[in-house]
Amino acid sequence: MHLLSCAVEKTDAAGRAPRPEAGAPPPPSPRRRRKKPPPAPRRSALRLRRRRTPWAPFFAGLLGVFCALARPPTRDDAAALPTRPEDWERPREHASAWNASVRLRFPRDEAVFRGGTPLVFAAGLSRTGTSTIQAALMELNLTVDHSLETMAHDLDFWYYYLSGQVERPDVTKLIEPRGVDAVADCWFAHLLPELIREYPDAKVILGTRPREPWLKSYRSYIATSHLYHWRRQVFRLFAARATRHLGLGALFRKLGWIDASGSGYDLEKLPLLMDIWSLVDLAVYGNTSPDHLWYGAMERHNNNVRALVPPENLLEFDNKRHSWVDILDFLRVEEPHYSRLAGQPLPWLNCVPGKTCVSHISHKITAPHEKLVFAACLALTAALAFLYRAAHAKAAA
C-alpha cells in the first residue's frame with residue numbers, strides 16, 4: 001500500500017523522483033511553446049513622412065513671419081513714404097501765390113462769381129454734410145478736395161502732421177500745386193487756423209448738425225469702416241508689408257501690372273492710411289471711441305471757427321434747413337447760374353461705408369496688387385518647402 005502511494009505521487013519518502021526501471025522507455029519531455037513576436041505597429045504613410053521630415057518648425061516659422069507682417073500699424077511703416085517731415089514745413093519767409101501764379105496755371109470761368117473765383121473752406125467736422133457741400137461746390141465748377149482726393153495726393157503730409165512731426169505746416173502745398181478751389185472734411189477743419197493764416201480772405205462754410213444724430217451717424221461709420229479695425233485687415237496688412245520688404249511693388253509697377261502713379265492708396269501705404277484714421281480722431285476729439293465727450297469737442301470746434309473767421313466770410317450751413325439760395329448768396333454767384341440752381345434741391349450726398357467711403361475705395365484699388373502678392377508668396381512658400389525638405393534629407397543621409 002505504501003509502495004503504491006509512492007508510485008502515484010512519483011516521489012519517494014525523501015522527496016526525490018524515483019529512478020526508472022531497467023528497460024523502461026524514458027518519460028516524454030514537456031513541449032515548450034514558442035512565443036510569437038509582437039506584431040509591428042502600423043504607421044500611416046503620413047506618419048512615416050513626418051518622421052522623415054519634421055514640418056512643424058517650417059510651419060511655425062511661416063506663422064511667425066505672418067504675425068510679424070500682419071501687426072497693427074506702427075511708425076516703422078513710414079519708410080514707404082517718398083517724402084520726409086521737413087518737406088512739409090513752412091519756410092520762414094513765405095508769401096502766398098494764390099492770386100497770381102495759381103490763377104495763371106489753373107484758369108477758371110470768372111463769370112460765375114462776382115469778384116472772381118473764391119477759395120472756400122468747408123470747415124465742418126465729418127458727418128455734418130461735408131460731402132453734400134462738396135457736391136454743391138462742384139456744381140459751381142470748383143475743384144474740391146475731400147477725404148478721397150487729399151488722401152490720394154497728400155497722404156504723406158497728413159501722416160506727418162497728425163503724428164506731430166510737422167510743427168509749421170506749409171498748407172500752400174495742399175492748395176496751390178493742383179489749383180484746388182475748395183477743401184472739405186475734418187482734416188482741413190482741424191487745419192483751419194493755418195489755412196486762415198495763409199488765406200485770410202477765404203470763404204468758410206461751417207457744417208452743423210444736431211449733436212445726437214451726428215454722434216449716432218459717426219458711431220455707425222466707425223463700426224462699418226475697416227480702416228478703424230486692424231483685425232479685419234490682417235491679410236491686407238500682411239500683403240502691404242510683404243510687397244514692401246520683398247520689393248514686389250516696384251517689380252509689378254515696372255512690369256505694368258499695377259498703377260505706377262504713386263497714389264496714397266498704394267498697397268504699401270495701407271498701414272499709414274489706417275493709422276491716419278485713428279490719429280485724426282485723437283487730434284480732433286481726444287479719443288477714438290465716440291462718446292459724450294465728443295459733444296464738447298464739437299462745440300469747441302464750432303466756437304473756434306466762429307471766433308477765427310470774420311462774420312462776412314462765414315456761413316453756418318445745415319443741409320436740413322438750408323438750400324441752394326444760401327450757398328449762392330454767400331459765394332455771390334452771378335446769373336444765369338444763380339437762377340439755374342436756386343430752384344433745385346441740393347445734391348444730397350452721403351459717404352456710405354462699404355460703397356463710397358475711403359475704406360471701400362482703398363480695397364477696390366489695391367485688390368489686383370493683393371492678388372499678385374499672395375500668388376508670389378505662395379510660390380515662394382513652395383520653393384522654401386522644397387529646399388527645406390531637400391536640406392533635411394541631405395542631413396539625415
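Predicted model: local features only at pLDDT ≥ 70, side-chain atom pairs only at ≥ 80, totals over all residues.

Student: Which residues of helix α15 are buried?

Tutor: A residue is called buried when its relative accessible area is under 20%. In helix α15, which covers residues 324–331, the buried residues are Trp-324, Ile-327, Leu-328, Phe-330 and Leu-331. Seen down the axis of α15, these residues fall within an arc of 165 degrees, so they line one face of the helix.

Student: What do the buried residues of α15 pack against?

Tutor: Their partners are the strands β1 (120–122), β4 (203–207) and β5 (314–317), together with the helices α5 (130–139) and α16 (337–342). Just after α15, Arg-332 adopts a positive phi of about 55 degrees.

Student: Is Ser-217 buried or exposed?

Tutor: Ser-217 belongs to helix α10, residues 211–224. Ser-217 is buried because its relative accessible area is 14%, under the 20% limit. Leaving aside residues up to four places away in sequence, Ser-217 touches Arg-127 and Arg-209.

Student: Is Phe-386 buried or exposed?

Tutor: A residue counts as exposed when its relative accessible area is over 50%. Phe-386, in helix α17 (residues 358–396), has 60% relative accessibility and therefore counts as exposed.

Student: Where does UniProt place the feature "transmembrane region"?

Tutor: The unreviewed UniProt entry places that feature at residues 372–391. In the model, this span is 100% helix and 0% strand, and its end C-alpha atoms lie 29 Å apart.

Notes. Residues numbered from 1 in each chain as written. Heavy atoms only, no water. Helix = DSSP H or I, 4+ residues; strand = E, 2+ residues; numbered from the N terminus. Buried < 20%, exposed > 50% of the residue type's maximum accessible area, 1.4 Å probe, protein only. UniProt positions renumbered as here; feature names shortened; annotations may be inferred. Contact = heavy atoms within 4.5 Å. Arc of directions from axis to C-beta.
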